[in-house]
Amino acid sequence: MTSGSFLLFHRGGGLWGIDSGQVVRIGPGPAPGETGAATDGETLRVELAGAAGPVVLAADRVEGVVAGLAVRPLSTALRTFWPETGCGVALYSGRPVILLDPLHLPLPLVASGGPDA
Amino acid sequence: MEPHNSPETRPAPSAGHLLVRVGEQICAVPVGAVRRVVRALTVHPLPGARAELAGLAEFAGEPLPVLDLGRLIGAPIGPHPLFPVTVVVWSRTADGREAIGLAADEALEVVDLSASSWLPAAGFLVGEALVGDQVVRVLDPDQLGGGS
Amino acid sequence: MPDPNFAPSNGSNLPTPAAPSRRLGSSMLGLVLLGAVLVAGFSLLLFAEAHGAPGWLFEAFLLVALVAVAVQLGVVVPAERRLAALAEAQARTRIEAEDVLVEALGHLSSGDLVRCSARGHGLPGELAPAFESATAALGVLAQQIQSSSIEVAGAASGVNQIASELASGSSEQAASVVEITAAMEELARTAFQIAENAASQAELAQRAEESGDVGAAAVEEAVAGVEEVKKRISGIADRADSLGARSKEIYRVLDLITEISQETHILSLNAAIEAAAAGEHGRRFSVVAEEVRRLAQRSQESVESVRALLDEFAGSIRATVVATEEGSKEASRVLERARAAASAIDELRRASGDTARVAREISLATQQQNAASDQVVLTLKEVSQVVQRMADGLKQFTSTADRLNHLGLQIQMLAQSFHLDTPHSLKHAAELWAKEVERRAGNWEAIDRLLPELLAERGYIEFLYFTDEVAGQLSSAANYELLGSRDVPESVRRGAGFEERPWFKSAVKAGRAVITTVYPSLISGEPIFTVAAPVYEEGRLAGILAFDININSWTKI
């Protein structure tokens, strides 16, 4: 269920968005030396209340919470050449944003938790 | 999905094609499929994407997936492009059409390709043609979205 | 010194006095005297009677005369005889004592206090102890003389040692004075040389200074010329720069044109695409689009040729600039060299000035040093004179010590001329040892064993030897510690010619121990003296025992 506002954050060179209603909190990144699925460059952690339990996403930088985004569905080409899924794409300040599906979060973005964890 | 290369969908034998250079290869895109040729757009890479997907750009207020034409056709890298371009093409899908960007090194000209020069192929590369003594590879943008 | 060749008295010869005739003489005289008195009395009596004297006088007188005669004959004459005998005995005793005394004194005059003392025991009565004490006192005196002679020698050698130490010290002093003087002179010579060098340096510096002026002027001209060249070169460089700047502008314009033609090109493509989409209506438009595309292409081509021309032009400008830069560098190098030359000349000038100043300073310092070293040399000369005087004084000192030593030896020899009953008396030793040899007389083997034993008792004896009365055989013992590696010559070993030797002859003649004067040794050639004593066997001369003492060992006696 989308609330219309999304938390936008950068990770791995891309700009991502997640329904802000899904976000429990934003916390600090991993301690030095801690290893996890996604730790390089990660400075923040976005904790989500996942349907199957809490999920933590890795983030390099948080853009902010934005509302009023014009969401488009993922194009065929995108789906062809990008294995992950999302709920749509949008533009934010001229920059393309991929809006994540909480149920199908791209594994590279997940720090811990998730339906497969 | 409608079959490829059906008579209805195959471009006319002497239809106009936009010639673009990528690396040392020249591709031909049917002008009917070309939406616009623009100077190379700023492409934001998408983590986890396949190599052919250069990333996402913005065009006409919409997010545009941009494919690396060179990678797409496997062309060896040529001289550094002075004025790279993005060819925005329409790709027909089941639901209608979507815009795809093709990153190329240079946009050359619009020419008519004669029918006798067709060579059948598969995938989005629908054939090869001769322009002068230059072999050009003819693309079908509609096949881009379906994957190969 | 008693004459060693003294002719001895051989026993006491009692002179026979004419005693009886003297006895007879005295009683005869008494009787004659009595007779004369009687006759005179009788005559007187007759005269008296003739002149009325009593008759009884004559009888009285006769009685007295008879009595007198009786007394004379009975008492006086025997008494006289007894007295005469007594006197005779006394005279005999006295003569004996005289003989003994003469003999003893004879020994004494030979310095033989031992025999003198021995003979003195034969003196009668209180004469013996008196004589004994007198000889003892003399012996003590002789002993003391001998001891003090050794002390004198010790003192003399001590003086000698001190003198030689002082002498060596003063000679060391003299040596160091000489060294210092030599060093000072060396220093003075060096200083003089330095001063000379400095003077010639100053002259050179003066000349350098003069030539430096000329050189400096020339350099300044050169510098001015080079700077002129540099200006011109930099003028060229500036023009080249401005040309370069202009062409940069042109390049920018070209870039702009390229941009435009690119845009135009794309525009034309898009136009062509639109025209295609427009179908038939778009055909004329597509022609126009094509024209535009060609235009853009042509302008791009012109841009390319202009760019090529500009590149060529830029190339030649660059070449020009490079050439002028090279020229400029070269000019700069020349300028640098000129400047370096100028500064070198300045340095030289400064150095010359410095050198002249330094030379003057050195000269001054050298003068001062000379004066100072003159002073030192003068002082040293004074010191040297003092040292010389000291050395001279020491020489006197040394010769005095030598004389003292010699005097000591003389005194010792004098003392040794006495035969005393002390271990220090050489004559006594000789005579004791002669007695030892006498006991072994005839037994040459025993004598051979005896001599080394005796020699060992007195370390200062160089050579001890016994030769028989005809100097035909010899037994000897030598002290090699004193003789060193010197061998006893064969002639000496054989005792050849010993009977002619003075010690032999004087020992035989004296019949007692004798001591010779100093003479050169047959063994070592060094000055020695010999003590010799005759050896008797049953009253007959068996041989002579003698030993040699080096005068250098005399203080050990």
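This is a predicted model: local features need pLDDT of at least 70, side-chain atom pairs count only at pLDDT 80 or more; totals for chains, interfaces and linings use all residues.
## Chain B on its own

Reading from the N terminus, the order is β-β-β-β-β-α-β-β-β-β-β-α.

Of the 148 residues in chain B, 49% are buried. If you take the contacts in chain B between residues at least 6 apart in sequence, 55% of them link residues at least 24 apart.

## Where chain B meets chain A

On this interface, chain B puts in 25 residues and chain A puts in 21. Together they bury about 1900 Å², with carbon and sulfur atoms giving 69% of that area. On the chain B side, the residues that lose the most area to chain A are B:His44, B:Pro47 and B:Pro63, which together make up 25% of what that side buries.

Now for the polar part. Seven residue pairs are in polar contact across the interface of chain B and chain A, counting pairs with both residues at pLDDT 80 or more. Strands 4 (53-59), 5 (62-68) and 7 (96-104) and helix 2 (142-146) of chain B are the elements that each give two or more residues to the side touching chain A. By class, that side of chain B has 13 nonpolar, seven polar and five charged residues.

The rule finds one salt bridge across this interface. It pairs B:Glu62 with A:Arg72, at 2.2 Å from N to O. B:Glu62 sits in strand 5 of chain B, while A:Arg72 is in the loop between strand 6 (61-67) and helix 1 (76-81) of chain A, so the pair joins two chains. Both ends are partly exposed: B:Glu62 has a relative accessible area of 31%, and A:Arg72 has 25%.

## Where chain B meets chain C

Here 14 residues of chain B are in contact with 13 residues of chain C. The buried area is about 1200 Å², and 62% of it is on carbon and sulfur atoms. C:Ile266, C:Leu269 and C:Ile273 supply 40% of the area that chain C buries against chain B, more than any other three residues.

Three salt bridges cross the interface of chain C and chain B, along with six residue pairs in polar contact (both at pLDDT 80 or more). Helix 4 (residues 127-278) of chain C gives the most to the side that touches chain B, namely twelve residues. That side of chain C divides into five nonpolar, four polar and four charged residues.

One of the salt bridges brings together the side chains of B:Arg39 and C:Glu259, at 2.8 Å from N to O. B:Arg39 lies in strand 3 (residues 34-39) of chain B and C:Glu259 in helix 4 of chain C, so this pair also joins two chains. B:Arg39 is partly exposed at 32% relative accessibility, and C:Glu259 is partly exposed at 31%.

## Salt bridges in and around chain C

Over all chains, the structure holds 27 salt bridges. B:Glu109 pairs with C:Arg293, their closest N and O atoms being 3.3 Å apart. Within chain C, C:Glu436 forms a salt bridge with C:Arg440, with closest N and O atoms 3.3 Å apart. Shared partners tie B:Glu109, C:Glu290, C:Glu291, C:Arg293 and C:Arg294 into one salt-bridge network.

## A one-sided helix in chain C

Helix 3 (residues 113-120) of chain C has C:Leu113, C:Cys116, C:Ser117 and C:Gly120 as its buried residues. These residues lie on the same side of helix 3 of chain C because they cover an arc of only 95° around the axis.

Conventions: Residues are numbered from 1 along each chain as its sequence is written. Chains are lettered from A and ligands numbered from 1 in the order in which they are written. Side-chain values use heavy atoms; hydrogens and water are left out. Buried means under 20% relative accessible area, exposed over 50%, partly exposed in between (1.4 Å probe, protein chains only). Helices (H or I, at least four residues) and strands (E, at least two) are DSSP runs, numbered from the N terminus. The arc is that of the directions from the helix axis to the C-beta atoms. Contact means heavy atoms within 4.5 Å. Buried area is the accessible area (1.4 Å probe) that two parts lose on being put together, summed over both. A salt bridge is a side-chain nitrogen of Lys or Arg within 4 Å of a carboxyl oxygen of Asp or Glu. A polar contact is a pair of N or O atoms within 3.5 Å; within protein, one must be able to donate a hydrogen and the other to accept it, and residues adjacent in sequence count only if both atoms are side-chain atoms. Ala, Val, Leu, Ile, Met, Phe, Trp, Tyr, Cys and Pro count as nonpolar, Asp, Glu, Lys and Arg as charged, and the others, Gly among them, as polar.
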